[in-house]
Amino acid sequence: MRDAASYITKLPKAEHSAPEWQAAMEALILVAGSGGPTMMARIGVMKALNRHVERVFNPDRKDTHWGKRKLKRDQ
């Protein structure tokens, strides 16, 4: 948590004021102050780090599960 806090404080002012980083800082403060769930702080930091990444669905990657099961009679 200390590493995440120091990373956030060293960000440039324009990036530091982004809503994602504000939410990440709030989650870190909640965890540090009241012993909240650390997973929430981790999620906040990861979302802030990846805020410019656009997830795109790739249908070629999707594996279908039907038709792959072999019946006992087909063995």
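Predicted model: local features only at pLDDT ≥ 70, side-chain atom pairs only at ≥ 80, totals over all residues.
Residues are numbered from 1 along each chain as its sequence is written, and side-chain values use heavy atoms, with hydrogens and water left out.

**Confidence**
- Mean pLDDT for the chain is 81, with 84% of residues at 70 or more.
- Helices are DSSP runs (H or I, at least four residues), numbered from the N terminus.

**Helix H3**
- H3 spans residues 19-34. Its 16 residues reach 22 Å from first C-alpha to last, close to the expected 22 Å at 1.5 Å a residue. The expected span is 1.5 Å times one less than the number of residues.
- Trp21, Ala24, Met25, Ala27, Leu28 and Val31 are its buried residues (under 20% relative accessible area, 1.4 Å probe, protein chains only).
- They lie on the same side of H3 because they cover an arc of only 160 degrees around the axis, taken from the directions from the helix axis to the C-beta atoms.
- Pro19, Glu26, Ile29, Gly33 and Ser34 are exposed on the other side (over 50%).
- Just after H3, Gly35 has a positive phi of about 70 degrees.

**Packing and core**
- The buried residues of H3 pack against H1, helix H2 (13-16) and H4.
- Val31 is in contact (heavy atoms within 4.5 Å) with Met1, Gly36, Pro37, Thr38 and Ala41, leaving aside neighbours within four places in sequence.
- The largest nonpolar core has twelve residues, including Ile8, Leu11, Trp21 and Val45. Such a core joins buried Ala, Val, Leu, Ile, Met, Phe, Trp, Tyr and Cys residues through side-chain atoms within 4.5 Å.
- H3 gives the largest share of this core, six residues.

Methods: pLDDT = per-residue confidence, 0-100. Helix = DSSP H or I, 4+ residues; strand = E, 2+ residues; numbered from the N terminus.
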